[in-house]
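Reader: I would like to learn how to read a structure one feature at a time. Please begin with helices.

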Amino acid sequence: MKELLHQHISNHVTIPEEERDRFCNLFKHQLVKRKRFLLQAGETCKFEGFVIKGLFRVYHVDQNGFENILYFAIENWWITDIDSFTNNTPSQLYIEALEDSEVLLISKKDKEFAYINLPQIEKLFRIMTQKTHVALQRRMIDNLSKTADQRYLDFIKKYPQLQQRLTNLQIAAYLGISHEFLSKIRKKIVTGS
């Protein structure tokens, strides 16, 4: 069950097997059924999660009731509300399983323990944080400078494994467009007009 996490760690940092196992043993395994929440707005996020099976969406509901998807998380991806987790404040996000899923969760206390006692783990999270910042910066630039058509084409090119697992409504919410507008984009791509 933790083999995927072992591999993920090894892909980012060199760490003695004993330390890697010690870190992995800090995680708790949790099954999350489809349409169930790992976190809801108003709760304080007490975990960072590593997805070992399934698919999650992390989203915010705005004042008009519209869902804005920040990101999806599939196998080998991390999920959390970093603001709530770091600052111990109520979350503004929902984390929902879109498929029957399995996740490994680590608490803030156990993560801090790992930082102090397993120096390579702090390096691992620094690397992951940098990669996350790069991805968020690129997404912000794309949202400001690219058309919805371009963003959709980029999405299906960058995440081909996700397109088949999501509904058009979910993809539209991620792209920040209406379901109807996404249908027009897809039709235009298919017909070439």
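Author: This is a predicted model. Two packed helices are described by the angle between their axes and the distance between the axes. Here α8 and helix α9 (residues 179–191) pack at an angle of about 100°, and their axes are 9 Å apart.

Reader: What is the orientation of α8 and α9 to each other?

Author: Angles of 65 to 115 degrees count as roughly perpendicular. The angle of α8 and α9 is about 100°, and α8 and α9 are therefore roughly perpendicular to each other.

Reader: Which residues of α8 and α9 meet?

Author: From α8 come N168, L169, I171, A172 and L175, and they meet H179, L182 and R186 of α9. Sorted by class, this contact of α8 with α9 has 5 nonpolar, 2 polar and 1 charged residues.

Reader: At what angle do the axes of α4 and α5 cross?

Author: The axes of α4 and α5 cross at roughly 115° and come within 5 Å. On the α4 side the contact is made by K111, A114, Y115 and N117; on the α5 side by P119, I121, E122 and F125. By class, the contact of α4 with α5 has 5 nonpolar, 1 polar and 2 charged residues.

Reader: How many bridges join β4 to β7, and how many join β4 to β5?

Author: Strand β4 (residues 55–61) is joined to strand β7 (residues 94–97) by 4 bridges. Between β4 and β5 there are 7 bridges. Both pairs run antiparallel. F56 can be followed to each side: its bridge partner in β7 is A97, and in β5 F56 stands opposite A73.

Reader: What lies between β4 and β5 in their hairpin?

Author: The hairpin of β4 and β5 has 5 residues between the strands, and G65 in this hairpin takes a positive phi near 85°.

Reader: Which strands form the other open sheet, and which are its edge strands?

Author: An open sheet of 4 strands has the order β1-β8-β3-β6, with antiparallel pairing. Its edge strands are β1 (28–32) and β6, each of which pairs on one side only. Strand β3 (residues 48–53) runs antiparallel to β6, and 2 bridges join them. The bridge partner of F50 in β6 is W78.

Reader: Last, the largest pocket. How much space lies in it, and how many residues line it?

Author: The largest pocket holds about 1,600 Å³ of space. Its lining has 45 residues, and Y71, K131, T132, A135 and L136 lie nearest the centre. Elements that give two or more residues to this lining include α1 (3–12), β5 (67–74), β6 (78–79), α3 (82–87) and α6 (148–158).

Reader: Which element gives the largest share of the lining?

Author: That is α5, with 13 residues. By class, the lining of the largest pocket has 20 nonpolar, 11 polar and 14 charged residues.

Terms used: Residues are numbered from 1 along each chain as its sequence is written. This is a predicted model: local features need pLDDT of at least 70, side-chain atom pairs count only at pLDDT 80 or more; totals for chains, interfaces and linings use all residues. Side-chain values use heavy atoms; hydrogens and water are left out. On a 1 Å grid over the protein atoms alone, a cavity is a set of points where a 1.4 Å probe fits but cannot get out, and a pocket is an open set with protein on both sides within 12 Å along at least five of seven lines; lining residues have an atom within 4 Å of a point. Grid points are joined across faces, edges and corners, and a volume is the space filled by probe spheres set on the points. Ala, Val, Leu, Ile, Met, Phe, Trp, Tyr, Cys and Pro count as nonpolar, Asp, Glu, Lys and Arg as charged, and the others, Gly among them, as polar. Two strands pair if DSSP finds at least two bridges between them. Axes are lines fitted to C-alpha atoms, for helices over the stretch in contact, and angles run from 0 to 180 degrees between N-to-C directions. Angles under 35 degrees count as roughly parallel, over 145 as roughly antiparallel, 65 to 115 as roughly perpendicular and the rest as oblique. Contact means heavy atoms within 4.5 Å.
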